[in-house]
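I set out to record, step by step, what I looked up in this model. My entries follow the order in which I consulted it.

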Amino acid sequence: MLYDPEGRIDGELPLDRATHERAVRAVLAWSDPTALRSDDYEQVGLLLAGAAHAVAADVRACAGRLPDDDGRRLFAEIMLGEAAGRLPQRSRNLREVKNKARLLRALYERLDRLQDAVPAPQAATASP
């Protein structure tokens, strides 16, 4: 997982989706709010936020290939706005970390829907 709040490496590193999904499941299964210290929760939140930033960049790219009046693009833009507001927030407790995990899961779900609906980007062809 990675932490890149400025989005400098979006699209440059392949995401390990399986690892992210396991982390989301683990976080959402936690039930004892005193299991970790606040700085430990914050570290987990940073890892989830880094992954979510990268997935949001993929969602943005897919949504950008849809027509402006497509409802799927509208839903993606709404979700990206929500993510932009929530990702910078610190995660100092169990509730806040779970919110980051839910957001990451929702971004992956939106990405899946968009990838099924969006045509692949056109590859540049070399001219003779």
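Entry 1, aromatic rings. Before searching, I noted the rule: rings of Phe, Tyr and Trp (for Trp, its six-membered ring) pair if their centres lie within 6.5 Å, and planes over 60 degrees apart count as edge-to-face. I also noted that the model is predicted. How many aromatic pairs does a search of the whole structure find? I found 1 aromatic pair. Its members are Trp-30 and Tyr-41, whose centres are 6.1 Å apart. I read 70° between the planes, and the pair is edge-to-face.

I located Trp-30 in the loop between helix H1 (17-29) and helix H2 (38-64), and Tyr-41 in helix H2, so the pair ties together parts that are 11 residues apart in sequence. I then asked of Tyr-41: is this residue buried or exposed? Tyr-41 has a relative accessible area of 2% and is therefore buried, because buried means under 20%. Trp-30, at 28% relative accessibility, counts as partly exposed.

I counted 4 helices and 0 strands in the chain. Along the sequence I read the pattern α-α-α-α. The chain has 128 residues, and buried residues make up 34% of them.

At what angle do the axes of H2 and helix H4 (residues 94-117) cross? I read roughly 20°, and the axes come within 9 Å. That angle makes H2 roughly parallel to H4, because angles under 35 degrees count as such. I recorded the crossing of H2 past H4 as left-handed.

I found H1 and H4 packed at an angle of about 140°, their axes 9 Å apart. This makes H1 oblique to H4. The crossing of H1 and H4 is left-handed. Which residues of H1 meet H4? I listed Arg-17, His-20, Val-24, Val-27 and Leu-28 on the H1 side. On the H4 side I noted several partners, among them Leu-94, Val-97, Ala-101, Leu-104, Tyr-108 and Asp-112. Lys-98, Arg-102 and Arg-105 of H4 also belong to this list.

Methods. Residues are numbered from 1 along each chain as its sequence is written. This is a predicted model: local features need pLDDT of at least 70, side-chain atom pairs count only at pLDDT 80 or more; totals for chains, interfaces and linings use all residues. Side-chain values use heavy atoms; hydrogens and water are left out. Rings of Phe, Tyr and Trp (its six-membered ring) pair if their centres lie within 6.5 Å; planes under 30 degrees apart count as stacked, over 60 as edge-to-face and the rest as tilted. Helices (H or I, at least four residues) and strands (E, at least two) are DSSP runs, numbered from the N terminus. Buried means under 20% relative accessible area, exposed over 50%, partly exposed in between (1.4 Å probe, protein chains only). Axes are lines fitted to C-alpha atoms, for helices over the stretch in contact, and angles run from 0 to 180 degrees between N-to-C directions. Angles under 35 degrees count as roughly parallel, over 145 as roughly antiparallel, 65 to 115 as roughly perpendicular and the rest as oblique. A crossing is left-handed if the near helix is turned anticlockwise from the far one by less than a right angle, and right-handed if clockwise. Contact means heavy atoms within 4.5 Å.
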